[in-house]
Amino acid sequence: MGGGVPEELLTAQETALYDRQIRVWGVDAQKRLSKAHVLVCGVNGATIELCKNIVLAGVGSLSLMDDHVVTEDDLNANFLIPPDESIYSSRSRAEVCCESLKDFNPMVRVSVEKGDPSLIDGEFLDKFDIIVLSRTSMKTKLFVNDNCRKSSKHIAFYAIECKGSCGEIFVDLQKHSYVQKNAGEPEPKELSYHSLQEAISVPWKNLPRKTAKLYFAMRVLENYESSQGHGACEISLSDLPAVLALRKNMCYEMSLNESQIPTALLERLVAAGKKEHPPVCAILGGILGQEVIKSISGKGDPIKNFFYFDDTDGKGVMEDIPGPSTN
Amino acid sequence: MASSAAASEEAVKAAKVLMVGAGGIGCELLKTLALSGFCDIHIIDLDTIEVSNLNRQFLFRKCHVGQSKAHVARDAVLKFRPNINITSYHANVKDAQFNVEFFKQFNVVLNGLDNLDARRHVNRLCLAAEVPLVESGTTGFLGQVTVHVKGKTECYECQPKPVPKSYPVCTITSTPSKFVHCIVWAKDLLFAKLFGDKNQDNDLNVHSSESGASKSNVFERSKDEDLDQYARRIYDHVFGYNIELALENEETWKNRRRPNPVYIRDALPEEDSRQNGSSHDCSNEQEEPSAMVSLGFRNPQEIWNLADNSRVLLKALRLFFEKREKEIGNLIFDKDDQLAVEFVTAAANIRASSFGIPLHSLFEAKGVAGNIVHAVATTNAIIAGLIVIEAIKVLQGDYKKYRMTYCLEHPSRKMLLMPVEPFEPNKSCYVCSETPLLLDVNTKTTKLREVIDKIIKSKLGMNLPLVMIGHTLVFEDGDGLEEDEAANYALNLEKVLAELPAPVINGTKLTVEDFQQELSCSINIKHREEFDEEKEPDGMVLSGWSAPVEKQVTSNGGASSSGAPDTDGNPEDISTKPGMKRKLDEVLDSKEKFDASSTSSAQVVDDDDDDDMVMLDEDPKLAKKKRLQ
């Protein structure tokens, strides 16, 4: 008779709540989820979709970092903020959203981490298994990614951006061992990821011609934002001429034909500014949610290493961008 | 650029949208619509909230269990968008109030349903009302969104959809070979016989050999009969005696493994009948009586052996009579009824062990018995986003941009989200193109009632049909019938086709209509004497239209009940995903389609100037279905 070792059993509450998803990924994966700790820096339309998804999935804990005070603009794509100034006024985005998220699953510990992602390192990072950054400067992303890699603990790193109707997700799982089901039989696999630094340093001419144009477009915008000292996403249509000029320079240096980064695409991204199209947030947050679950559970092929969505063509594509030394 | 964004916003603000379904997809969709600027949304759902919904239907909380999904969803969304209009209906979309006039008031209809029956119904109403429909479905990590606009694209029924599998009666009663057959037996026969409506027809043999002239019903419990004794008597009868009886028919077992009869004395040899006795041996008073809990079995993922299954069965039976006696005679199996699930699991397992079929855990058995579809929040969220994107295109009449989008688990040519252009309408679709159908049937032995149940209501999905032969109305369904009319129709139902007031014989044409769905079609009758019991269990065959493909039976497979959850692209094993693969095969590989006069040619549109159009279908012999241009 027997059965599993008692402590491996899910509680009656978990069994009842998670029944439908356990039928997808199994009890073991569910148990692993319940022990995972996730940090999300940058509260916006796309990341709150992610948060909703992983809280519902039953992660062990979720910490939110975003000290920006809530403004009316934030209400646009964020269903976690009640449209009531008496509730959100003078409070940080993290704080207000944390309150709402707690309701979604009483078994998940949701909390606020005050601070700035550009300062997080070492000991602090080690509290987490998963880090997600959004709307921080490239400098900060590189810094945090580097620290994740330096840690002796395996920490998965993700970056997600939604600009208007377009989005990008970056994945760095370092060395990731997992199981893939091949005709019903489990097959162990291992993947090796590039760091963020490597992934944005590859010479453009080395990349296949059909590489998603968004990859290049986002690099141009990143470059522009850091050169202007702007916070992420504070550009507007008036910046377009300067952005196009930057494109010209970068393409020249990288020996890439300018037409590979269409003007129309850059215009849309620049015009979007801070705005996020809610359906695209839902798609990006859903895809990233699935990635986080795959990474924690060790089941299923993770994305390697970029994902792009553009509602103009409706495709959700993966790009495997190599590092600078690869041919 | 700016003007198209503004035009889009205008269209959204002015739109009146109908959502059908407030469940997994519905919650995500309502939220995304509200955030996207939609401000006049109607939503219909007949369901109430259950605990197992809460892992993904995030607008609901534990305190809402039992309440209407449509109403609670509305209230939850109004909390973050208080100034929009949401009208919620706790009702069945098939109700008469949702007629063509009702549908006509909307600019677009968005489905978030979980069953084929309702989807077909909505499809027909949208066609009749000439309102575009955005359809969708998810199972585990897979999903799809499709757009249907009358005259421009295929309707939802132009491509055949897998119909829930039904099993021949003899497989269930005598020759099960799969676990699902045992589940159907345990649920629809044993459970129904013991606890359900006594007046219902039931194929379970309840007569013992003992009495002579009057065959007693073994299932009748004599007054004050000891529960244990009763339980054991039932056990021995269905697992022992009935099997011995079946073994007597040599013919049946010529090429089949012979089952082993199982008697209580073999399954639980050491046990005193009193050991299973007092139900006070459970550690504390549970809210819900449970055999598992009483016996100390804590793990629903564990596979019990024959002895333990037997203990669970006897205990469950006992608990029903001791704690839930009032319900006996009225019980219908419910997957959320713990004791019922325990009973059915145990019974199915004992039968399975008789027939050499592998046993399953309670968790697995519940999935099969309850037709449970596995589901997660992320897929629903992605699909909801895609639905809104299509809806916005539809509102602007941007028909060249409409896409069918597939959410894949494994990338296809680097894509996890794959858009495909919609097809033109299928010219032989009986729903949107009025092609006559052909019915092979024995007109001398088949009653009208059978044709109506098995073909008109079931396969053709008509709700309230009307049947005419020439000018003679032989049947009508619905309210408002005169007493004598109704009586006349009741008589006609029991007549064989050849003996109807307007006789139906070889070559006769039936006209069948459903006013609510505004659907009319013709069925040409072809008389045939013989039908194969196994391959043609209905005793009649409908053709002339792309026939539905039988869903593959897997361990999570559906049972025989109609109204089973949708199997639209429904894979069980996420690694092999047969349903989805079949749909993708149709789209990508495009072998010869069911209807030889058309073919599928799916082109993934590459909008890049410098790239070639990717042609996925290369069969120049067959006329290509035209793309939407």
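Predicted model: local features only at pLDDT ≥ 70, side-chain atom pairs only at ≥ 80, totals over all residues.
Between domain 1 of chain A and domain 2 of chain A, the count is three salt bridges. Chain A is divided into domain 1, covering 7-198 + 276-322, and domain 2, covering 202-272.

**Between the domains of chain A**

- The C-alpha centres of domain 1 of chain A and domain 2 of chain A are 26 Å apart. Domain 1 of chain A brings 21 residues to the contact, and domain 2 of chain A brings 18 residues.
- About 1500 Å² is buried between domain 1 of chain A and domain 2 of chain A, and carbon and sulfur atoms account for 68% of that area.
- A:Arg268 and A:Asp310 form a salt bridge through their side chains, at 2.7 Å from N to O.
- Five residue pairs are in polar contact across the interface of domain 1 of chain A and domain 2 of chain A, with both residues at pLDDT 80 or more.
- On the side of domain 1 of chain A that touches domain 2 of chain A, at least two residues each come from strand E5 (156-163), strand E6 (166-172), E9 and E10 of chain A. E9(A) gives the most to this side, with four residues.
- By residue class, that side of domain 1 of chain A divides into eight nonpolar, five polar and eight charged residues.

**Between chain A and chain B: extent**

- In the contact between the chains, 64 residues of chain A meet 64 residues of chain B.
- The buried area between chain A and chain B is about 5400 Å², with 62% given by carbon and sulfur atoms. Within chain A, the residues that lose the most area to chain B are A:Arg20, A:Arg23 and A:Val24, together 15% of what that side buries.

**Between chain A and chain B: polar and charged pairs**

- Four salt bridges are found across the interface of chain A and chain B. A salt bridge joins the side chains of A:Glu319 and B:Lys414, at 2.9 Å from N to O.
- Across the interface of chain A and chain B, 14 residue pairs are in polar contact, both residues being at pLDDT 80 or more.

**Between chain A and chain B: contributing elements**

- Elements that give two or more residues to the side of chain A that touches chain B include helix H1 (12-34), helix H2 (45-57), helix H11 (278-297) and strand E10 (315-319) of chain A. H1(A) gives the most to this side, with 11 residues.
- The side of chain A that touches chain B comprises 28 nonpolar, 19 polar and 17 charged residues.
- E10(A) and strand E8 (residues 415-420) of chain B run antiparallel and are joined by two bridges. A:Gly316 is opposite B:Leu417 of E8(B).

Technical notes
Residues numbered from 1 in each chain as written. Chains lettered and ligands numbered in written order. Heavy atoms only, no water. Contact = heavy atoms within 4.5 Å. Buried area = accessible area lost by both parts, 1.4 Å probe. Polar contact = N/O pair within 3.5 Å; in protein donor to acceptor, adjacent residues only side chain to side chain. Nonpolar A, V, L, I, M, F, W, Y, C, P; charged D, E, K, R; others polar. Pairing = 2+ DSSP bridges. Domains from an automatic or database assignment.
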